[in-house]
Amino acid sequence: MGSHLLIDTDSCIGCGLCRQVCIRDNIGISGGKAIELCSDRCFDCGHCMAVCPKGAVSLIRYPDVSSESVPLPTGSADPGSLMSLLSDRRSMRWFTGEPVTDEEFDRLMEAASLSPTAQNAMDVEFAIVDGRLDEFLTLLADILEPLSDEFPRIGQFVDHMRSGDRSGPNPFLWEGRQVILAFSEEPVNGVIAMSRVELMAQAMGLGGFYSLWMSKADLQDHGRFMSFFPDVDPAKRLGAVFVIGHPRIRYRRMAPRPEVRVHRL
């Protein structure tokens, strides 16, 4: 493998901070300058770039990103404000019908891009289904129909899709008309990324809910499910499904929650 790092030796002051934060022991100091030791160890986490006081380190993987183009952190969110956002969060199934715009989706995807992934794999791909939603739901009904007797909700959904009269809420979507799906090699990476989407949606005044029922279709027949997403790597699995929209209901208070069970060992 080739080098992963570009080190500007004119700017580097040999402070060693990049070496301290490199968890793969890929950076050393020689002649008062930082050097890359073994590129096979590097997985482009970018911590060396982020910590350098002189902006002397950049990643070859991202040629258009330099220390000058990346804003400095402005500080952590206020704990009280973050707790308020989390407290206000409710699953939303009732929407105005106004579609989420491309600009809003761009902001949501920007939030998702900041999520951590195991080994810095950055392996999450998203699909947004809206224009072909009915086609997608028909595929779900075909895949999930064998589970109708085991899961009454699936039976309701299949009956709804097979019915000539589809008035009333869809048992999977309710009033939603747009769906975001996250795929990744490690499904947990998709789940974490989608949680960032959900939080940003809440902050933007959007709403939605996770759909475990749709996720069952990928478990039931992965190949057939992925046939709807030809541009997504078929080796990746579905991590999370989020139905999203503009809320038409305002919740005025928190829902009661049980205490979290914590086991300290």
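Author: A cavity is a set of points on a 1 Å grid where a 1.4 Å probe fits but cannot get out. Its volume is the space filled by probe spheres set on the points. The model discussed here is predicted.

Reader: How much space lies in the largest cavity?

Author: Start with the count, which takes in cavities of 30 Å³ or more. By this rule there are two cavities. The space in the largest cavity is about 120 Å³.

Reader: Which residues lie nearest the centre of the largest cavity?

Author: The lining of the largest cavity consists of 16 residues. Those nearest its centre are Cys22, Cys42, Phe43, Cys45 and Cys48.

Reader: Is Asp44 buried or exposed?

Author: Asp44 lies in the loop between β3 (33-36) and α2 (47-51). Buried means under 20% relative accessible area. Asp44 has 10%, so the residue is buried.

Reader: What is the phi of Asp44 near?

Author: Most residues other than glycine have a negative phi. Asp44 is not a glycine, yet its phi is positive. The value is near 60°.

Reader: Which loop holds Trp174, a residue with positive phi?

Author: Trp174 is not a glycine, but its phi is about 55°. Its relative accessible area is 26%, so Trp174 counts as partly exposed. The loop that holds Trp174 is the one between α6 and β6.

Reader: How many aromatic pairs does a search of the whole structure find?

Author: A pair of aromatic rings is described by the distance of the centres and the angle of the planes. Rings pair if their centres lie within 6.5 Å. The search of the whole structure finds 12.

Reader: How do Phe157 and Phe172 pair: stacked or edge-to-face?

Author: The ring centres of Phe157 and Phe172 are 3.8 Å apart. The angle between their planes is 0°. Planes under 30 degrees apart count as stacked. The pair of Phe157 and Phe172 is therefore stacked.

Reader: How many residues apart in sequence are the parts that Phe157 and Phe172 tie together?

Author: Phe157 belongs to helix α6 (residues 152-162). Phe172 belongs to the loop between α6 and β6 (178-184). The pair ties these parts together because Phe157 and Phe172 are apart in sequence by 15 residues.

Reader: Is Phe172 buried or exposed?

Author: Both Phe157 and Phe172 are buried. For Phe172 the relative accessibility is 1%. The cut-off is under 20%, so Phe172 counts as buried.

Reader: Which helix does Phe172 reach through its pair with Trp213?

Author: The rings of Phe172 and Trp213 have their centres 6.4 Å apart, with their planes at 10°, so this pair is stacked. Phe172 and Trp213 are 41 residues apart, and the pair links distant parts of the chain. Trp213 is partly exposed, at 27% relative accessibility. The helix is α8 (residues 212-220).

Reader: Which residues is Asn170 in contact with, leaving aside neighbours within four places in sequence?

Author: Asn170 lies in the loop between α6 and β6. Asn170 counts as buried because its relative accessibility is 8%. Its contacts beyond those neighbours are Leu137, Phe157, His160 and Met161.

Reader: Which residue lies over the face of Phe228?

Author: Phe228 belongs to a cluster, where ring pairs link it with Phe136, Phe183, Phe225 and Phe229. A charged side chain lies 4.2 Å from the centre of the Phe228 ring. That residue is Arg132.

Reader: Which ring does the charged end of Arg93 sit over?

Author: The distance from the charged end of Arg93 to the ring centre is 4.8 Å. The ring is that of Phe209.

Reader: How many of the nine residues in β8 are buried?

Author: Strand β8 covers residues 237-245. The strand is mostly covered. Of its nine residues, the number buried is eight.

Reader: Over how many bridges do β6 and β8 pair?

Author: The pairing of β6 and β8 is antiparallel. Leu181 stands opposite Val241 in β8. The number of bridges between β6 and β8 is seven.

Reader: What is the bridge partner of Gly207 in β8?

Author: Strand β7 (residues 207-210) also pairs with β8. The sense is antiparallel, over four bridges. The partner of Gly207 is Gly245.

Reader: What share of the 265 residues in the chain is buried?

Author: The chain has nine helices and eight strands. Its C-alpha trace spans about 75 × 45 × 45 Å along the principal axes. Of the 265 residues, the buried share is 37%.

Methods
Residues numbered from 1 in each chain as written. Predicted model: local features only at pLDDT ≥ 70, side-chain atom pairs only at ≥ 80, totals over all residues. Heavy atoms only, no water. Phe/Tyr/Trp six-rings, centres within 6.5 Å; stacked < 30°, edge-to-face > 60°. Helix = DSSP H or I, 4+ residues; strand = E, 2+ residues; numbered from the N terminus. Buried < 20%, exposed > 50% of the residue type's maximum accessible area, 1.4 Å probe, protein only. Lys NZ or Arg CZ within 6 Å of the ring centre and 35° of its normal. Pairing = 2+ DSSP bridges. Contact = heavy atoms within 4.5 Å. 1 Å grid on protein atoms, 1.4 Å probe; cavity = no way out; pocket = protein on both sides within 12 Å on 5 of 7 lines; lining within 4 Å.
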